[in-house]
Amino acid sequence: MNDERPDLGPDRLYALLPAVHRARDELAGHPLRDLLRVVTEQVEVVEADLEALYDNWFVETADDWVVPYLGDLVGYRPVAAGGDGVATRPELARVLAPRAEVAHLVRSLRRKGTLALLEELGRDVAGWPARAVEFARLLVVSAHLDFEYPDRGRAVDLHDVDAVELLGGPFDRIAHVADLRRISSHRQPGLLNVEAVGLWAWRTRAHRLVSSPAACLEEVGPSAFTVSVLGNDAPIWRRPAPDPEAAETVAGEADLPVPLRRRALAADPAAVYGSDLDLHLEVGVRRGSGVARQPVPVERLVAADLTDWSYRPLPGTVAVDPELGRVAFPPGHAPHGLWVSYSYGVPADIGGGPYPRRLRTPGPDTFHQTVSLTRPYPSGSVRSIGEALERWARVRERQPTCVVEILDSEEYVESLEVLVRRGESVEIRAGQRVRPVIRLLDRTRNAPDALRIATLEHDAGHGDGAGEGAGEGAGEGAGEGAGEGAGEGAGEGEGAGRADDAAEPHAPQPGGCVRLDGLLVTGRAVHVEGPLQRVEIRDCTLVPGWGLRADCEPTRPAEPSLELYRCRGPILVERSILGSIQVFADEVTSDPVRVTICDSVLDATSLEREAVGAPNWPLAHAVLTLRDCTVVGQVQAHAIALAENTLLLGRVRVARRQFGCLRYCWVAPGSRTPRRHRCQPNLAEAAARAAAAGDGGTRDEQDARAAEARLRVVPRFDGLRYGRPDYARLAEDCAVEILRGADDESEIGAHHDLYQPQRLAALSARLAEYTPARSESAVLLADRWTRPTGPPAGHPIGPAEGTNTGRTP
C-alpha cells in the first residue's frame, strides 16, 4: 500500500471532504475550511509527537531530556558533584548527562581499567581531548637480568634534546625519583607515585583558518611575516583528525590540540605540512598585471627559531617558527603576498572565528549578495563589501532587507558606511567556517575613518557606501518590514515614512536595523550614530586597542572599539570581544541608550581605563544589561538594569543606585552599584566576619579576616591579553567562589556557558570509577604546560609575572 499523499499544507483535511460539501462551504464563505485548518494544526502537532516517539527509542536521535531516562535503563547514574540536572538550562542538562557517555556505557564497563578507556572518558564526559599516563612507568627502577626494559628507568640522555624539551609535561618520557605525595591530594599533590594515574585534559580549542592573509612586519623587514593577520605572535596548533583505529592506543602529540613544536616540525615536516594538515603556505607570484598564489613545497620548509629575527634563511628555503607563528624568507626574495592555512588556539567560541554559528537563511524577498576575494570566485559574488552595499542601494525600494555574506577569510581594506532608513535592515556577516577581517585605515586626514552605521539623510553630502544613489524616493517600500536578517521589528508603514519626509526634508529618517555577525574589525572603531531601531553585534571581534603588537600588547590602548553617538535604539552584543564603549548623548533631550551585552568580553586593556564611559563627561548616558560577561576596566554609566554572572574587574559607578540589580557577580571594591544579591567579595567578607565573631574575635580581628577573604576571592586569570590562547580564562587556582559562583554553580564570567566546573567534577568522578584497581587518579589540566608562563604585565589580577602556577612534577 502506498501511503504517499500530496502535501496540501493546511488544507489536507479539507481535501478529504466530498466535493459537494466543499462546494457548499465555498458558497458560505469557507467557514468549514477555516475550522479544519485549526484542526489540521493540532493534528500536525500530534503527528510530530508520534514521530518523535520513535526517534526517542535511540540515544543517537533522542531529545536531550530523554537521554537520562535511556541511561537509567542501562544503569547510568549522573554525577552528584556536577550539580542538579532538574530544571536547568538545556546546555547544562547536556553537560550533566552527556549523550556519548550514555551511548558508550556498556562498552566502557567491559573495558574498565584500560588507559584507552580513560582517554575516551575525557572526550565523552567532558568533551576534552585527553591523554592517560601511568606515572609508575616514569619512575627510576633497577634493571633485572631476566626482564629487561631498556626504555624505562634510564638516566637522562642530554643528547636527546626532544625528550628534555618535553620534561615535566604530558609527554614526559624521562625517568624520575618517586614522589610519595598522593596525586589526588587537595593540598599539594604529587604526580610521580607508584599508584598514580593522571589524565591530562586539554580545554583549549583549535580552530582552523584556510587561506588567511599573513601580516608583513615592515618594521622588521619585507621578508618577515606573522601568520596572524594582526601581526602578533600566534602559536600554530595541531588540529587532530578523528582516527577510529587509534581508539585503543594512548594519544600522542599528533592526536591532541597542542602547539606545534619546532623539533616536531623539523623531524617530520610532511606529517604536519599540507593543504589539509596543520600548516600550509601559499606565496604570491607576479604574473602579468596580477598576482597568482603558489603553494610552497614541503622540501623548502625549514624549522627555525625566529625569536629575534636573527636567523636568515638560505636562498630557496622558507623558515617557519611554529611556536611563535612567524615566517621568514631569504633577504631579497620577499613574496608578493603570503597566505597561511593554520590552526590557532582559543579558550572558547567567542568573538570572530571559523567556528559554526547559527545563520538564518535569507528569505525570498531579501537582497542576498556574496563577497569573496579568493579564486575561483563564486558565481554572482563581488570583490568588496562596499560594492555589495552599492548594488543593494539600487534595489532597496523593492528589497528593504539586505544580507551581505563574506565567503572567505580574506582581509577587506575599505572605508565602510552603512546607511539605513525606517523599515530597512542590513546584515553584514561571515559565512560558515570563515573569519573575514575588516581593516579600517586612516585614509582621510580631515574626517574620521571608523566603520559608520547611521540613518540615511537626504543631504547630498552623505553619499558614500550604501547611501550613494539611495536618497531618491525615501520611505517607499519600507512598509513591508524587515523580517529577515537584522530587521526584527523594523516595519513602520509606507505612508508614515512619506509623511516624515515631507515634514522634515533634511532630517535623518528614524529607524533601520543593522547586524554585524562573525567579523573581525581592526584599525579603527565602529561608529553608530542616529535614531536607529536596533544594532546587533554577534560573534564579532572589535579588536581592543585597535591592533596588536608582537607581544599582544594593544597598539592604541586608550581608543574605544564602539562609539555610540546620539543613539536611541537598543544595542545588543552577544558572544563578542570588544574594547571600550564610549557614549555620546544629550542627557537633557534624550533617554539613556540601552546596551545589552551577553557572553562577551569587554576589554579596556587596563583596569584603570574606562570600559564604558563618555568623553569629557563623568558618566555615560546609558542603561546597561550584562549577562555572563568579563569586563576589564571601569564602568561609569547612568544605570545598570541587570548584571548577572559577570566579573566587573574595574570600579563601577552608576548615577541611579535605586534602579537595577547585580546578582552572582564579582564587583571591584569601592564600587557604587545598585543593590547586590549574592555577589563577591561581599559574601566572602560576611562569612569571614561571622566566623571571626563566632570565635569571639574583636572588631579589628573581624576586619582583618574580611580583608583576607576579600583578597582570596580576587579573580585570577591565565591571561588577560587578547591574542593569547588563554585569553580571559580563569586560572585553575582561582577561588572556588568564582569558579562555581554563578547562579547555576558554573564559573562567573564570559566562559560561563562552557560549564567547565561541572565537566571537571563529572570527569573526576568517572575517572575514579574506571581507574585500574589499587590505583589513584586525578584530572590534570594540560593547558598550564602549553601556554606562556605568567600573565602580561600591567594586569594585577592574576599570577605574578614570569611564574608558572601549575603543579610541580
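## A pair of packed helices

In this predicted model, helix α13, which covers residues 682-694, packs against helix α14, which covers residues 699-712, at an angle of about 145 degrees, and their axes lie 8 Å apart. The crossing that α13 and α14 make is right-handed.

On the side of α13, the contact is made by A684, E685, A688, R689, A691, A692 and A693, while α14 contributes R699, E701, Q702, D703, R705, A706, A709, R710 and R712. Sorted by class, the contact of α13 with α14 has 8 charged residues and 7 nonpolar ones, together with 1 polar residue.

## Cis peptide bonds and a positive phi

The peptide bond that runs from Q680 to P681 is cis, with an omega near 5 degrees, and P681 is found in the loop between β38 (675-677) and α13. Another cis peptide bond leads from R375 to P376, where omega is near -5 degrees; the place of P376 is in the loop that lies between β12 (367-371) and α11 (385-395).

A further backbone feature concerns S211, which has a positive phi of about 55 degrees although it is not a glycine. S211 has its place in strand β3, which is made up of residues 205-213.

## The largest cavity

The count of cavities of 30 Å³ or more comes to 6, and the largest cavity holds about 400 Å³ of space. Its lining is formed by 33 residues, and those that lie nearest the centre of the largest cavity are Y344, G345, V346, Y722 and G723.

Strand β11, which spans residues 338-346, gives the largest share of this lining, with 4 residues. At least three lining residues come from each of domain 2 (205-346) and domain 3 (366-456 + 510-678). By class, the lining of the largest cavity has 20 nonpolar residues, with 10 polar and 3 charged residues besides.

## The second largest cavity

The second largest cavity has a volume of about 90 Å³. It is lined by 12 residues, of which F135, L138, G169, D172 and L192 are the closest to its centre. When the lining of the second largest cavity is sorted by class, 8 of its residues are nonpolar, 3 are polar and 1 is charged.

Conventions. Residues are numbered from 1 along each chain as its sequence is written. This is a predicted model: local features need pLDDT of at least 70, side-chain atom pairs count only at pLDDT 80 or more; totals for chains, interfaces and linings use all residues. Side-chain values use heavy atoms; hydrogens and water are left out. On a 1 Å grid over the protein atoms alone, a cavity is a set of points where a 1.4 Å probe fits but cannot get out, and a pocket is an open set with protein on both sides within 12 Å along at least five of seven lines; lining residues have an atom within 4 Å of a point. Grid points are joined across faces, edges and corners, and a volume is the space filled by probe spheres set on the points. Helices (H or I, at least four residues) and strands (E, at least two) are DSSP runs, numbered from the N terminus. Ala, Val, Leu, Ile, Met, Phe, Trp, Tyr, Cys and Pro count as nonpolar, Asp, Glu, Lys and Arg as charged, and the others, Gly among them, as polar. Domain bounds come from an automatic or database domain assignment. Axes are lines fitted to C-alpha atoms, for helices over the stretch in contact, and angles run from 0 to 180 degrees between N-to-C directions. A crossing is left-handed if the near helix is turned anticlockwise from the far one by less than a right angle, and right-handed if clockwise. Contact means heavy atoms within 4.5 Å.
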